[in-house]
Amino acid sequence: MDAALFEKLLSQTESETLDFKREFYSLANDMAKSELVKDILSFYNTPRTANAYIIIGVEDKNGVPVLPPVGMKDKAPYDEATIQEMVKDKASPCPVFSLAYFDDDGKHFAAITIPLPLTDKPARVVKDFGKLKQNELWCRVGSSSKNMVAVDDLRRVEDYFAERKTYVQLQAYTEKLAADYAGKTIMQEDKMTLADVYIEPMFGVYKECWKKDEKEQYFHKLFTEQKETLHLFINEWVQNRQINTNINVINGNVILLLGNPGQGKTSLCKRLLHDYFSKYSEQLLEKPIFRIQFRNLTDVERLIANPLPILFDHLKSIVPEVDRNLFNKSLLVLDGLDELMITERLTYNSIDQFCRNLLRSAENMEMKILITSRYHVDIEKLKNDCLVLNISLLTLQQQQDWLQKYQKFHPECELTLDLLERFNKNYEYKHISELIDQPILLHMLASTFTGKDEDIAQYANRAKVYDNLFTQLIERKWAKERQIEALKGLNQKDMRRLLQEVAMAIFLSGREYLHKTELEALITEKKLLQNAVNLQLQQGSALKGLMMAAYMQETEKLSAEEKTPDDLSNYGIEFLHKSLQEYLTAEKMWTEVLVGLTKTKKQGGYEIGYEINMPDEVLKIFHNLFGMRALTKEIAAALRQIIALQPQEARTKLADRMEHFLPLLLQHDFLYEYSSSSIKPYGYPINMAIQTCYGFWWILTHLVEKRDYLGKLESRERLLFPILNFAQTHDCIVPFSYQNLRSINFTGVNFTGVDLTGANLIGVDLTGANLTGANLTGTNLAGANLSHVILKDFNIDIHSVILIEVNLAGAYLLNVNLSGVDLTCANFNHANLIGLNLSNTTLNGAKLEDATFRESNLSGADLNNAILCRSNLIYCNLSCANLSHANLAYANLSNCDLSHANLSHANLVYANLSNSNLSHANLSHANLENANLSNCDLSHANLSESNLKIYPYIGYKQLAKVKTLYGCKGLHHKIHNQLLGNFANLFEENIGP
């Protein structure tokens with residue numbers, strides 16, 4: 001009892017949670033003792049939401065404490081142990097309480113504290129004792145105690161304890177979740193936990209979440225970095241505080257948090273659960289928190305259609321005491337939405353439908369929902385429906401803070417603060433800086449790093465980091481301490497193969513783990529371990545050794561209703577991070593392909609050919625690797641990086657072999673076999689064939705740089721369109737770089753994520769195609785038809801793209817960088833061009849009729865002879881642009897910057913130039929008949945030989961500032977005479993510069 005709480009209680013009156021006593025209870029006989037027991041039982045059984053107190057040493061009058069309090073005569077008449085012993089056998093269950101003595105202002109006091117009960121039943125008297133009778137149930141009513149006999153009173157108490165049972169279960173559930181943050185070691189560390197090295201991440205807010213007037217400020221930024229940490233933001237959000245007055249979304253109770261694998265989404269969830277439990281552990285009935293991992297959900301169709309009921313049913317299987325009321329006011333943490341998409345082969349549309357249904361059903365509820373995902377969600381479709389955030393990459397300071405924490409446990413680590421700064425600031429180390437801005441990769445780098453300058457190049461890509469990690473990890477088990485006893489007889493090569501097989505099996509399972517029984521069956525089937533080691537599996541010691549050597553862990557997987565007492569598969573084996581499993585899966589795929597296609601037969605010491613020569617043998621290899629499950633973009637990226645590390649000779653040899661088999665496999669449409677057994681569990685044969693084709697093509701196109709494979713095929717479309725369709729439904733990159741795609745009809749095709757670097761697209765028909773997100777670096781689009789094409793946020797270096805005579809009629813281009821590009825004679829008629837960078841772009845003879853240029857930059861652009869009639873160029877930057885001989889009839893050029901622009905011989909009939917800056921512009925021989933020049937700046941403009949039949953849209957004061965009016969026509973006679981009288985030199989032929 002501290003002084004602050006004592007003062008607070010003295011300001012209250014007696015109630016169902018507070019009683020005052022002048023002196024300590026008399027314990028002279030059973031009748032006197034029963035008074036103390038009765039009071040403790042009464043407070044214990046009273047329905048309440050806070051601790052109850054009996055304060056001794058305070059006199060009261062009608063329940064109001066008499067101040068100042070008098071204190072007890074004796075300092076501590078009885079110790080707590082005596083009182084506990086006296087109470088413990090008088091009621092069942094035994095009420096929990098504590099006794100403490102304290103002094104205040106030199107006086108003695110005692111406080112009996114009765115906390116909220118942790119049992120599911122009220123405490124009843126077990127035997128007659130003093131004034132108490134067996135089976136009585138005492139409860140506090142107002143400021144007095146009462147034996148509950150009325151049915152309604154009894155029901156009220158029983159309902160309260162049923163609720164307390166729920167609280168106890170909630171507390172145990174939440175405490176278990178919270179323990180993952182500070183209670184479990186990470187990455188096979190002996191002592192270090194997540195809490196020891198955790199760095200609070202920063203975050204960004206999606207541009208569509210800002211109010212309309214704020215969006216313009218962040219128009220070119222997908223996510224706007226915030227100054228506060230993500231934890232502070234979420235804490236404010238949980239407490240319904242004003243987060244940011246400029247953020248405006250339809251449902252602010254839902255956060256969609258995006259981040260790359262290894263960036264800390266799950267770690268953040270663990271920390272959030274830990275902090276939440278620490279802060280709200282006494283209020284879990286008012287503020288419950290639940291965590292559901294998407295990978296554990298199975299009824300996916302119903303989940304998508306009706307999310308909250310399915311989530312509630314799943315939660316009930318884990319915490320049966322949870323009811324709808326608690327669920328509806330909870331903080332619901334849904335971790336790993338991307339895993340649901342990957343494991344269940346869902347499309348973007350399915351995920352979008354799930355998100356929309358979830359938002360709709362949670363819109364008018366107290367519930368708050370935090371969803372984490374990789375960038376597998378089409379946030380453009382969600383627009384401003386919910387708060388969309390992303391986890392920021394680690395800054396240099398955060399990396400250094402993490403390293404200092406890490407080095408407390410690993411002083412031998414050779415990574416230093418200075419090296420981190422060097423990696424971040426020097427461009428030559430860009431390949432390393434891209435590895436250390438995510439916690440998981442920084443951890444891996446620190447655990448394997450050697451600080452010698454000559455060794456730094458080995459970290460050129462992520463694949464090399466993972467390769468070093470597993471190599472060193474395995475080698476440590478064969479170093480000074482030698483092998484783990486259970487793994488003796490297993491060499492390093494076999495261990496690596498075993499890890500690859502486990503990773504591949506997990507990938508094919510569609511989960512992130514294998515059940516124990518599945519792992520043991522795999523080891524036996526593949527003959528991965530020696531017989532002696534296989535025997536050890538039965539005792540579990542070999543399995544434990546395997547996990548210690550592989551950054552793996554054993555974890556309970558099946559939900560409560562699925563368990564049986566003897567079900568060993570309740571426990572699964574998983575890698576400690578998904579990226580570890582993804583890398584080893586890619587390594588397995590590469591090894592199988594390389595060895596399978598390039599292994600040779602020998603006779604008499606000489607090579608006599610390849611072991612595999614038949615197309616069906618090749619198809620079997622790729623079918624087994626890629627047909628069973630679609631290649632994910634993460635594994636595809638790891639494959640690309642692994643290939644980049646291989647010697648060029650080996651890559652070229654494999655490319656030659658695969659190119660030889662490509663047309664032969666296309667004849668089979670990559671279909672390996674068709675049977676009813678092949679349909680399940682991996683899907684339909686056609687889908688499996690397309691998946692196989694994509695895996696084959698992915699490896700082939702990354703073996704030799706700039707080699708064209710499609711130009712040599714007779715039926716390119718047979719390969720092209722299945723791969724394009726596959727990529728759109730699986731969020732994968734399509735590698736068509738340097739391929740000959742000439743003269744193919746791509747009408748309406750979605751090229752999102754397609755790599756067209758250096759591709760030949762001369763004369764292709766791309767009418768209505770979506771090129772948003774496509775890589776067009778070096779692409780030849782000369783003469784291509786891109787009418788009604790869609791292109792958004794296109795900011796790559798496009799200088800090498802050939803777009804001469806390209807047809808972009810009706811196209812929608814948003815935030816595209818076309819600076820310096822040659823667009824001679826391009827067709828932009830009726831195009832919608834918003835936020836474009838067309839500075840210094842060549843648009844000679846381009847057709848731009850009825851085009852809309854909103855907020856575009858055309859400074860220095862060459863628009864000589866361009867057709868811009870009826871185009872909308874409001875607020876555009878056209879400074880120094882060449883618009884000579886351009887047709888701008890009826891064009892809207894209001895509020896434009898046309899300073900120093902060349903508009904000689906331009907047709908500006910009925911053009912709107914109001915409020916524009918035409919200072920120093922060359923308007924010689926321009927036709928300005930009926931143009932609107934009100935409020936425009938004509939300072940030092942050249943209007944010689946121009947047609948100025950535009951009165952009353954031009955004034956004397958404007959023309960008085962021009963450079964010359966020599967030879968101008970159509971000028972109103974009043975203005976002409978007025979200017980002639982005051983500024984005659986304006987009408988002279990030769991004037992100075």
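Two strands count as paired if DSSP finds at least two bridges between them. Helices (H or I, at least four residues) and strands (E, at least two) are DSSP runs, numbered from the N terminus. The model is predicted: local features need pLDDT of at least 70, side-chain atom pairs count only at pLDDT 80 or more, and totals for chains, interfaces and linings use all residues. Residues are numbered from 1 along each chain as its sequence is written, and side-chain values use heavy atoms, leaving out hydrogens and water.

**View 1. An open sheet of four strands.** The strand order is β1-β2-β7-β6, with mixed pairing. β1 (18–21) and β6 (98–104) are the edge strands, and each pairs on one side only. Neighbouring strands are turned by 20° against each other on average, direction ignored. Axes here are lines fitted to C-alpha atoms, for helices over the stretch in contact, and angles run from 0 to 180 degrees between N-to-C directions.

**View 2. Strands β2 and β7, with a helix on the sheet.** β2 (residues 52–56) and β7 (residues 107–114) run antiparallel and are joined by five bridges. Ile55 has Ala111 of β7 as its bridge partner. Helix α1 (residues 3–10) packs on this sheet and touches β1, β2, β6 and β7. Contact means heavy atoms within 4.5 Å. The direction of α1 makes about 90° with that of β2.

**View 3. Strand β13 and its two parallel partners.** Seven of the eight residues of β13 (residues 251–258) are buried. Buried means under 20% relative accessible area, exposed over 50%, and partly exposed in between (1.4 Å probe, protein chains only). β13 pairs in the parallel sense with β17 (residues 386–391) over five bridges. Leu256 stands opposite Val388 in β17. β13 also pairs in the parallel sense with β16 (residues 368–373), again over five bridges. There, Ile255 has Leu370 as its bridge partner.

**View 4. Helix α25, short of its straight span.** α25 (residues 615–627) has 13 residues, but its end C-alpha atoms are only 16 Å apart. A straight helix would reach 18 Å at 1.5 Å a residue. The expected span is 1.5 Å times one less than the number of residues. Buried residues of α25 include Val618, Leu619, Phe622 and Phe626.

View 5. Side chains of opposite charge can pair when their charged atoms come close. A salt bridge is a side-chain nitrogen of Lys or Arg within 4 Å of a carboxyl oxygen of Asp or Glu. By this rule the count comes to 33. Asp89 and Lys90 meet at 2.8 Å, N to O. Asp89 is partly exposed, at 37% relative accessible area. Lys90 is buried, at 8%.

**View 6. Salt bridge between Glu200 and Arg271.** The two side chains meet at 2.6 Å, N to O. Glu200 lies in the loop between α5 (194–197) and β11 (203–206), and Arg271 in helix α8 (residues 265–280), so the pair ties together parts 71 residues apart in sequence. Glu200 is partly exposed, with a relative accessible area of 29%. Arg271 is buried, at 13%.

View 7. Glu587 forms a salt bridge with Arg496, their closest N and O atoms being 2.8 Å apart. Glu587 sits in helix α24 (residues 578–598) and Arg496 in helix α20 (residues 492–509), 91 residues apart. Both residues are buried. Elsewhere, salt bridges that share partners join Asp19, Lys21, Glu35, Lys38, Asp39, Lys131 and Arg140 into one network.
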